[in-house]
Amino acid sequence: MKQPIDDSSVPPARPSLSPKKNADVLQDLEAHFLERERQDPSSPYYRGADSNRPPQTMPRRRRFMLGAMAAMGSAGVHGVASSATPGAIERTVPPDATKVQGVGVAVDDGGYGARSQFETEVRTRYATKTTESSWSFTPLQNSMGMITPSGLHYERHHGGIATIDPTKHELYVHGMVKQAKKFSMADLKRYPALSRLMFIECSGNGLTEWAKPTLKTVQGTHGLTSTSDWIGVPLSTILNEVGLKPGAKWLLAEGGDAAVMTRSIPIEKAMKDCLLAYGQNGEAIRPEQGYPVRLFVPGYEGNMSIKWLRRLEVSDMPFMTREETSKYTDLMPDGTSLQFSFLMEAKSVITYPSGEMTLNKPGFYEISGLAWSGRGAVKRVEVSVDGGRNWREATLHGPVLPICHTRFTLPWEWDGKEAILQSRCIDETGYVQPTIKELVDQRGLSSVYHLNGIQSWKVAASGEVTNVHHY
Amino acid sequence: MSITIKGAVAAAAMALACAGAPMAQTSTATASSADNPHDYGFGSPVTDDELKQFVSPLPDGRGLPPGSGTVMQGEKVYTQQCLACHGANLEGGIGDRLIGGRGTLAKSDKGGPPIKTVESYWPYSTTLFDYIKRAMPFTAPNSMSNDDVYAVTAYILYKGDIIPKDATMDKDSLPKVAMPNRDAFKPAGR
């Protein structure tokens with residue numbers, strides 16, 4: 001046993017400030033922070049426009065951010081200057097972390113934490129013709145639990161990521177309403193807020209997989225879905241504020257991005273459970289998720305949850321925008337098309353083991369995956385290791401929430417022989433996730449969207465896992 | 001002081017949320033906060049003038065702005081604004097193919113995969129005006145005048161054999177254009 005540690009026996013890594021000076025520094029920092037916040041209408045410390053100072057401007061905040069970036073840059077002092085993995089700070093790895101002091105508090109991260117330099121999973125972009133009209137997949141293969149880190153949330157943009165000053169952003173609400181209004185972000189944040197854990201999924205998730213297995217990993221086959229804690233104002237609160245006129249049936253939601261993305265939402269859905277979300281996982285939503293505010297339409301195809309929301313127009317009919325006519329409609333074998341196929345139906349996928357992984361040797365493995373349904377809560381998930389001949393009920397890891405990713409697991413003893421792993425989700429309405437064949441029989445091979453069929457992973461005797469179709 | 005007020009607001013918010021249970025995270029969370037309306041009075045009234053900056057026509061033509069354009073004018077606009085991405089013959093490139101494809105949508109049709117274009121697939125002519133107006137050209141969205149948008153809309157519809165060469169498109173004529181695939185859409189019911 002070593003000597004008990006006594007504070008005085010541990011020399012400080014660098015001369016520390018006296019408690020008095022420490023307090024001064026903190027107060028200075030706080031004063032600067034408050035000075036900034038008091039001029040920011042979106043801050044709880046906002047003092048109003050009667051201040052003698054000019055209104056808060058973005059350059060001021062940007063300088064602050066640059067300062068933070070510079071602080072992060074100084075990590076080179078502490079560590080090796082090399083390319084850190086995205087979202088990480090590259091630090092020198094000592095032979096024994098118990099023999100040297102670690103990195104001081106707020107020394108190199110600018111006050112905003114970074115993930116470990118040893119973690120490398122990132123979103124991957126689908127190779128569309130332009131980067132602005134494109135999408136990126138969440139790395140589900142590394143996912144744990146039910147929540148997607150904000151920085152790994154999947155993306156789908158039609159005109160790039162809009163950069164919007166929240167102090168200048170306004171949301172217009174008009175059309176068949178009693179009093180047309182516009183709302184600043186400060187206005188929106190005055191309303192009673194709520195938070196709700198919900199998945200969102202692009203209806204194009206899996207579009208490459210209809211006819212044959214195409215993408216290799218679960219990131220490619222299923223990565224267009226993510227779960228966050230979304231915080232904001234119920235849309236019904238705002239619609240009650242402006243007052244709907246009789247005959248109001250549809251609502252146009254319009255984004256403030258270069259695509260000026262638009263979708264029509266049925267008014268019943270708008271009043272039922274839609275959210276104007278300005279928060280995500282405990283902080284402001286990310287720019288790529290629609291900062292400063294997005295619409296969130298629970299359980300419906302992701303495209304309807306308009307980002308960078310700038311306008312809502314109430315009408316008596318759908319607007320028939322490009323994204324609800326020429327896109328996001330499902331072409332049937334007879335040449336007709338299904339329109340307004342809003343619902344994201346029950347779906348599940350095994351994330352471990354999944355495509356391109358290798359099981360080194362026979363023995364115990366915990367099968368793990370995600371299940372979700374736009375109709376409500378997941379009631380049951382069943383897993384097969386023999387291509388659907390036998391099914392076992394998986395354990396659901398709570399909380400099991402409606403319209404939310406639900407983690408499931410099943411212990412599995414792999415005997416070293418070829419196996420086909422599948423999962424199927426049954427939701428609280430009794431809907432059972434179909435096979436891909438059942439969907440193809442119903443809808444043909446041209447409908448593009450809404451593939452929620454059962455995914456099959458083949459484990460070869462060698463332990464190699466591959467994406468296969470198996471009915 | 002401001003913290004106290006904020007706390008009070010938050011408490012009121014929680015009370016409201018509980019009272020109406022609008023989106024409580026339970027498996028039966030379908031009740032609407034419409035059950036519990038409250039007159040907050042936040043937000044500012046807007047004038048009709050302010051709303052003129054927005055264009056979002058309905059399929060029956062309501063909401064279409066003034067202005068007009070001919071096929072001939074549209075050809076010039078297309079050459080300057082659209083051709084680089086959509087091709088000299090509207091065959092597509094970086095941008096979508098715009099014409100052709102009739103008779104390719106059904107499985108029984110011969111000749112490979114379905115070709116979805118303005119001509120073969122789009123059910124409403126107003127959508128074409130709306131989309132070009134708000135999102136095109138890709139490198140300078142919402143930069144074209146209403147006249148130019150009407151004109152290039154007319155040109156694309158003409159090239160798709162939907163309107164005659166001497167047609168003029170405006171807020172009255174555009175919604176009357178009969179799109180070939182108009183009746184092929186039905187609600188999915190899910």
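In chain B of this predicted model, 35% of the 190 residues count as buried. Six helices and four strands make up the secondary structure of chain B. Along the sequence, these elements of chain B follow the pattern α-β-α-β-α-α-α-α-β-β. Among the contacts of chain B with a separation of 6 or more, 54% are between residues 24 or more positions apart.

In chain A, four strands form an open sheet. The order of the strands in this sheet is S16-S17-S21-S20, and the pairing is antiparallel. Strand S16, residues 347-352, and strand S20, residues 395-397, are the edge strands, each of which pairs on one side only. From one strand to the next, the twist averages 30°. Within this sheet, strand S17 (residues 363-372) and strand S21 (residues 406-414) of chain A run antiparallel and are joined by nine bridges. Ile367(A) has Leu410(A) of S21(A) standing opposite.

A further set of pairings in chain A involves strand S22, which spans residues 419-427. This strand is mostly covered, with seven of its nine residues buried. Strand S22(A) is joined to strand S18 (residues 378-384) of chain A by six bridges, and the two strands run antiparallel. In this pairing, Asp427(A) in S22(A) stands opposite Val378(A). Strand S22(A) also pairs with strand S23 of chain A, residues 456-459, through four bridges in the antiparallel sense. Here Leu421(A) has Trp457(A) in S23(A) as its bridge partner. Strand S22(A) therefore counts as paired with both S18(A) and S23(A), because two strands pair if at least two bridges are found between them.

Strands S8 and S9 of chain A form a hairpin, with six residues between them. In the turn, Val260(A) has a positive phi of about 40°. Strand S8 covers residues 250-255, and its pairing with S9(A) is antiparallel, over five bridges. One of the facing pairs consists of Ala253(A) and its bridge partner in S9(A), Arg263(A). Strand S9 itself, residues 262-266 of chain A, is mostly covered, since four of its five residues are buried. A residue is counted as buried if 20 or more other C-beta atoms lie within 10 Å of its own.

Technical notes:
Residues are numbered from 1 along each chain as its sequence is written. Chains are lettered from A and ligands numbered from 1 in the order in which they are written. This is a predicted model: local features need pLDDT of at least 70, side-chain atom pairs count only at pLDDT 80 or more; totals for chains, interfaces and linings use all residues. Axes are lines fitted to C-alpha atoms, for helices over the stretch in contact, and angles run from 0 to 180 degrees between N-to-C directions. A residue is buried if 20 or more other C-beta atoms lie within 10 Å of its own, exposed if 12 or fewer, and partly exposed in between; C-beta atoms are placed from the backbone. Two residues are in contact if their C-beta atoms, placed from the backbone, lie within 7 Å.
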